[in-house]
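Reader: I want to learn how to read aromatic contacts. Where do we begin?

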Amino acid sequence: MSDHDFHPLVKQLLDGDLTLAELPAELRAEGEEALRLLAAADRTPVSMPAVTWRVMAALERRRRRIRPWLLAPALAIAAAFILWIWPARLTAPPPLVTVRFVLVAPDAKAVSLAGTFNQWDAHATPLVRAGATGVWTATLSLPAGQHQYAFVVDGQRWVPDPGAPAVDDGFGRRNSVLTL
Amino acid sequence: MRPGAEPTDGDIVRAVLAGERERYAQLVERYRDRYARYAARMLGSADAAEDAVQDAFVRAFDQLAQCKEPDNFVGWFFLILRNRCFAERRRSRATAPLEAADSVAAADRTDGGAETAERRRALQLALLELTPDQREVFVLKHVEGLSYGQIAERLSTSVASLKMRMHRAYDRLREQLREHA
């Protein structure tokens with residue numbers, strides 16, 4: 001036992017198995033020193049409100065990164081099939097791709113989607129809240145190609161998608177970009 | 001699940017595994033703060049703790065199918081976060097004391113009392129000098145307020161070995177605090 005070691009009875013005090021009054025008189029001062037040490041433990045609560053958004057954005061980003069690899073062969077096969085079977089359809093519209101948009105906005109009363117695919121109409125494409133969570137989703141079928149969009153929160157606040165790349169819209173706002 | 005009842009962790013885990021990925025946000029919302037303080041005290045930095053909690057949730061999502069007791073998601077998640085904190089501590093040991101001083105100083109601004117602030121700062125720095133095992137048992141008992149029995153259950157170990165670890169921690173903390181007094 002070194003000079004720094006607490007007496008075994010003082011350790012029991014720290015563990016909550018003894019009270020200061022139960023220590024022998026000669027150990028009281030050491031007991032008080034030990035209790036001062038415990039009182040210095042920082043028990044301030046810690047809150048991390050941004051973590052929900054950050055986790056869901058990370059998962060969404062990764063899903064989108066994966067999708068082009070999955071889609072590319074499928075689109076290539078579809079294109080080859082169309083060329084082989086039906087050459088006259090070369091001018092046909094691009095294939096539709098199903099996309100799910102997700103925004104975590106626990107305090108929002110309403111969320112909608114505005115973009116090049118709905119002429120930037122802030123009322124045309126509302127998102128649906130998933131139960132009591134703050135997660136809003138909308139599933140759309142969009143033509144393959146590039147689209148720009150933003151979420152509209154409570155009919156006023158335009159928010160770029162945290163999980164997608166964005167470009168300047170030329171009017172001081174950022175538009176998210178989706179390439180299908 | 002009963003209509004109108006709060007979904008259990010098991011309900012949510014099963015829904016996520018069935019393809020409702022966005023339901024995972026409910027689990028994150030439910031538990032993100034429960035171990036935030038544990039991570040902050042283990043790592044000595046609020047920023048590092050937030051990164052660790054985020055990363056642990058992403059890892060838990062990736063491994064969700066391996067969660068054997070979906071209704072005890074939080075117990076399983078705690079072990080993932082714990083591993084993440086231990087790994088982070090090993091990686092960033094060289095820079096920790098400065099981070100700890102910063103994070104504790106920030107916490108104390110709301111508390112007042114220069115002496116209290118100085119004691120807290122000194123103890124947090126001393127905690128970072130303990131082994132991760134010693135620091136963890138101190139944090140779980142004296143910061144999170146768990147009993148030895150609860151800690152033993154959570155970490156699948158015995159109360160006797162936890163007490164041995166803790167008693168060494170007391171001595172090392174006293175030594176550190178005296179050296180830097």
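Author: A search of the whole structure gives 12 aromatic pairs over all chains. Rings of Phe, Tyr and Trp (its six-membered ring) pair if their centres lie within 6.5 Å; planes under 30 degrees apart are stacked, over 60 edge-to-face, the rest tilted. The model is predicted: local features need pLDDT of at least 70, side-chain atom pairs count only at pLDDT 80 or more, and totals for chains, interfaces and linings use all residues. Residues are numbered from 1 along each chain as its sequence is written, chains are lettered from A in the order in which they are written, and side-chain values use heavy atoms, without hydrogens and water.

Reader: How are the rings of Tyr24(B) and Phe57(B) placed?

Author: A pair of aromatic rings is described by the distance of the centres and the angle of the planes. Here the centres of Tyr24(B) and Phe57(B) are 6.5 Å apart and the planes at 80°, so the pair is edge-to-face. Tyr24(B) lies in helix H2 (residues 24-31) of chain B and Phe57(B) in helix H4 (residues 46-62) of chain B, so the pair ties together parts 33 residues apart in sequence. Helices are DSSP runs (H or I, at least four residues), numbered from the N terminus.

Reader: Is Tyr24(B) buried or exposed?

Author: Tyr24(B) is buried, at 0% relative accessible area. Phe57(B) is also buried, at 0%. Buried means under 20% relative accessible area (1.4 Å probe, protein chains only).

Reader: Which residues do ring pairs link into a cluster?

Author: The cluster links Tyr24(B), Tyr31(B), Phe57(B), Phe61(B), Phe73(B), Trp76(B) and Phe77(B).

Key
Helices (H or I, at least four residues) and strands (E, at least two) are DSSP runs, numbered from the N terminus. Buried means under 20% relative accessible area, exposed over 50%, partly exposed in between (1.4 Å probe, protein chains only).
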